[in-house]
Amino acid sequence: MKKEKEPVSAEKEEKVKKSLKREIFEWVMVFVVAAALAFVVRTFIFEPVRVDGSSMLNTLENNEFMVATKFDYLFGDPERFDIVICDYPNTDDGMYRVKRVIGMPGETIELREGKLYVNGEYVEQTFDMTPNETNFGPFEVPEDSYFVMGDNRNNSKDSRSPMVGPLNRKLIKGHVRAVVFPLNKMRFL
């Protein structure tokens with residue numbers, strides 16, 4: 001014997017519709033909140049960045065993934081030898097460059113056979129850069145600007161290039177703190 005379905009009351013049907021609308025609304029809100037949190041984290045806290053090229057050899061290798069913190073520079077300024085992510089002027093490619101801060105606002109920078117001189121005084125570079133005999137300068141860094149270079153001085157498009165030049169403070173976006181991938185090369189910088 002076949003059991004007949006009970007007719008669905010209008011009241012039950014209305015509850016099902018409200019329940020479905022509520023479910024959709026809740027899922028939309030989950031996505032909105034997640035997107036807002038991701039935006040806040042990437043804008044103010046940290047950002048993952050991939051090394052593209054060889055300009056930071058021997059410190060960083062092509063295709064390594066790093067974490068750059070952003071909050072450091074919301075309340076402070078870059079310091080000499082910080083590894084930073086930065087925008088280059090007159091480029092709209094949406095890519096960050098990874099470089100090292102060499103010169104501070106108002107300083108005179110010079111490279112003599114790969115050795116760094118700041119305001120005429122020798123400054124030791126203790127990081128693992130590619131050997132070079134580079135000569136550059138002297139060059140006076142404008143106020144509110146920073147002079148950045150890659151650790152591979154023989155193959156780096158950086159502040160020495162007239163197309164890049166010294167970077168205005170607002171173009172420096174974050175402080176690179178660690179390599180997180182590949183896993184066998186994880187390290188703090």
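Predicted model: local features only at pLDDT ≥ 70, side-chain atom pairs only at ≥ 80, totals over all residues.

Biologist: Which residue meets the side chain of Lys185 in a salt bridge?

Modeller: Glu61. The N to O distance is 2.8 Å.

Biologist: Where do Glu61 and Lys185 sit in the chain?

Modeller: Glu61 is in the loop between strand 1 (46-50) and strand 2 (65-69). Lys185 is in the loop between strand 11 (172-181) and strand 12 (187-188). They are 124 residues apart, so the pair links distant parts of the chain.

Biologist: And Glu61, how accessible?

Modeller: Glu61 has 34% relative accessibility, so Glu61 counts as partly exposed.

Biologist: Next topic. What does Glu64 pair with?

Modeller: Arg187, through a salt bridge of 3.1 Å, N to O. Glu64 lies in the loop between strand 1 and strand 2, and Arg187 in strand 12, so the pair ties together parts 123 residues apart in sequence.

Biologist: Is Glu64 buried or exposed?

Modeller: Buried, at a relative accessible area of 2%.

Biologist: Why does Arg160 count as buried?

Modeller: Because its relative accessibility is 17%, and buried means under 20%. Asp158 counts as buried too, at 0%.

Biologist: How many salt bridges does the structure hold?

Modeller: Eleven.

How values were computed. Residues numbered from 1 in each chain as written. Heavy atoms only, no water. Salt bridge = Lys/Arg side-chain N within 4 Å of Asp/Glu carboxyl O. Helix = DSSP H or I, 4+ residues; strand = E, 2+ residues; numbered from the N terminus. Buried < 20%, exposed > 50% of the residue type's maximum accessible area, 1.4 Å probe, protein only.
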